[in-house]
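User: Hey, could you walk me through this protein? I'm new to this, so please keep it plain.

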Amino acid sequence: MNFQNDYLNRVYEEVCRRNAGEPEFLQAVREVLESLKPVVEKDPSIEKNGVLERIVEPERFIQFRVSWVDDKGQVQVNRGYRVQFNSAIGPYKGGLRFHPSVNASVIKFLGFEQVFKNSLTGLPMGGGKGGSDFDPKGKSDMEIMRFCQSFMTELAKHIGADTDVPAGDIGVGAREIGYLFGQYKRLRNEFTGVLTGKGLTYGGSLVRKEATGYGLLYFTSEMLKNMKQESLQGKRVVISGSGNVAIYAAQKAQELGATVVAMSDSNGYIIDEAGIQLAVVQQIKEVERARIKEYAQRVPSAQYVEGCRGIWSVKCDVALPCATQNELNGQEAQQLVDNGVMAVAEGANMPCTPEAVEIFLKNGIFFGPAKAANAGGVATSGLEMSQNSMRYSWTAQEVDEKLKGIMVNIFHSAYNASKEYGAPGNLVLGANAAGFAKVAQSMIAQGVAY
Ligand code: NDP
């Protein structure tokens, strides 16, 4: 890797040496450093203060054993993680992911991305992330509860409303947050906003559940409006995944006049030319926790195709990858371009490989990178923290308006930064540069030992 800049080369070499065998983390660092070239060349104080060397090293990385007892009385052991990446602008903030693919590399990539994303929201939140290689699929409610309680028994030592505030992510929804919150309260005997994504009856925020998906569409609308004088009205949209982000992205896309023609899960995808019936997807995924395949058995206009990756061969105007990292590669990106895609915005974290992103940018496709486009979830988590601190709740309309305002601002921050640094319309560069600025200034202001 050559960034054509000695400082960036030196920092990246050291990151590779220290984090060998962590491909996701290296991919995320590479992407950010590439974007920061014009920024470090313009501002020598970044190198002078060793900002990049510090920003790529987590402030703290915690790994722990999570033992729990399954329904058969057998002892099970999983591995838990929390990375507290950067607290320059606020308490660490970022979700928890429960999925068998979770490891140190995945948690560090997510934590690193979170630092810039949280900064972009304009709210005072540092970056963190956590999770476990525990697989919630096929587990009973009692098994989930016992696992969450064991996980929190250790995690509680490291978090707090003014220290580190986790939330949900893949495999961690309202049920898991409830069990985690209950255990924290039991251990500490205090009722604080230590987690976000809580249920509405115990401190959760209206619109938090919908926020990432809604925010993605607010961002995409603003991108289309400003970069192409277009709207979502009448557009064909393909959305991968059928979890929290995907479902509410689909809902808002439909509200804005688009037709969602395909969705997926990790087994396969459905095409419904008549437009996906979201109520059916929600019944299958949110209530029955079943497979997306069921949709085609219930809706006659739909067709199911085994294998999730084929979803990118479905012709569309707007593609929204909302499932997981590296789910859309160069070849698939080319297929989308050949089929006339106009815009791509990332609902998931790092769903497009670097090759895919390059193809989109080269072909003039409007591309919204995750740390800008999916920041609506953490932004609304920030709003949940504010409401908890005030011991007060805003109405759904108030939260939704604030969310929309934040997403519109994020688009303009990234767009303006892309122009400032000589790459107008490159929102990857723009989002990284804009997110980085506030964190870097705060790190410099707070001195070397942070
Ligand atoms: P969920 O667990 O609710 O849903 C994940 C969805 O993605 C499921 O439909 C799952 O299918 C599918 N999926 C998982 N792995 C694959 C794969 N390899 N190929 C295709 N589909 C797959 O998670 P969320 O919706 O919360 O998160 C989705 C993404 O969005 C993640 O990258 C997450 O980090 C990111 N994100 C989430 C935020 C939030 O607020 N929830 C905030 C910002 C980002 P199956 O049911 O088969 O497992």
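**Helices, cores and loops**

Analyst: Let's begin with a helix pair: α16 and α17 are roughly perpendicular to each other, because that label covers angles of 65 to 115 degrees, while under 35 is roughly parallel, over 145 roughly antiparallel and the rest oblique. Their axes cross at roughly 105° and come within 7 Å. Axes are lines fitted to C-alpha atoms, for helices over the stretch in contact, with angles running from 0 to 180 degrees between N-to-C directions. Helices (H or I, at least four residues) and strands (E, at least two) are DSSP runs, numbered from the N terminus.

User: Before we go on, what kind of model is this?

Analyst: It's a predicted model: local features need pLDDT of at least 70, side-chain atom pairs count only at pLDDT 80 or more, and totals for chains, interfaces and linings use all residues. Residues are numbered from 1 along each chain as its sequence is written, and side-chain values use heavy atoms, leaving out hydrogens and water.

User: OK, which residues of α16 and α17 meet?

Analyst: From α16 you get Phe411, Ser413, Ala414, Tyr415, Ala417 and Ser418, and they meet Leu427, Leu429, Gly430, Ala431, Ala433 and Ala434 of α17. Contact here means heavy atoms within 4.5 Å. By class, the contact of α16 with α17 has nine nonpolar, three polar and no charged residues. Ala, Val, Leu, Ile, Met, Phe, Trp, Tyr, Cys and Pro count as nonpolar, Asp, Glu, Lys and Arg as charged, and the others, Gly among them, as polar.

User: And how do α9 and α10 cross?

Analyst: Helix α9 (residues 244-255) and helix α10 (residues 278-287) have axes that cross at roughly 170° and come within 11 Å. That makes the α9 and α10 pair roughly antiparallel. Among the residues making the contact are Ile247 and Tyr248 of α9 and Leu278 and Val281 of α10. This contact of α9 with α10 divides into five nonpolar, three polar and two charged residues.

User: New topic: which residues touch the most other members of the largest nonpolar core?

Analyst: Those are Phe219, Ile239, Met263, Tyr295 and Leu320, in a core of 62 residues. A nonpolar core is a set of buried Ala, Val, Leu, Ile, Met, Phe, Trp, Tyr and Cys residues joined through side-chain atoms within 4.5 Å. Buried means under 20% relative accessible area, exposed over 50%, and partly exposed in between (1.4 Å probe, protein chains only). Helix α8 (residues 208-228) gives the largest share of this core, nine residues.

User: Where does that core lie relative to the domains?

Analyst: Domain 1 (60-188) and domain 2 (211-368) both contribute residues, so the core lies between them. The domain bounds come from an automatic or database domain assignment. The C-alpha centres of domain 1 and domain 2 are 27 Å apart, and their contact takes ten residues from domain 1 and eight from domain 2.

User: Is Asn189 buried or exposed?

Analyst: Asn189 counts as exposed, because its relative accessibility is 72%. Met350 also has a positive phi, about 50°, without being a glycine. Met350 sits in the loop between β11 (343-345) and α13 (354-362), and at 4% relative accessibility Met350 counts as buried.
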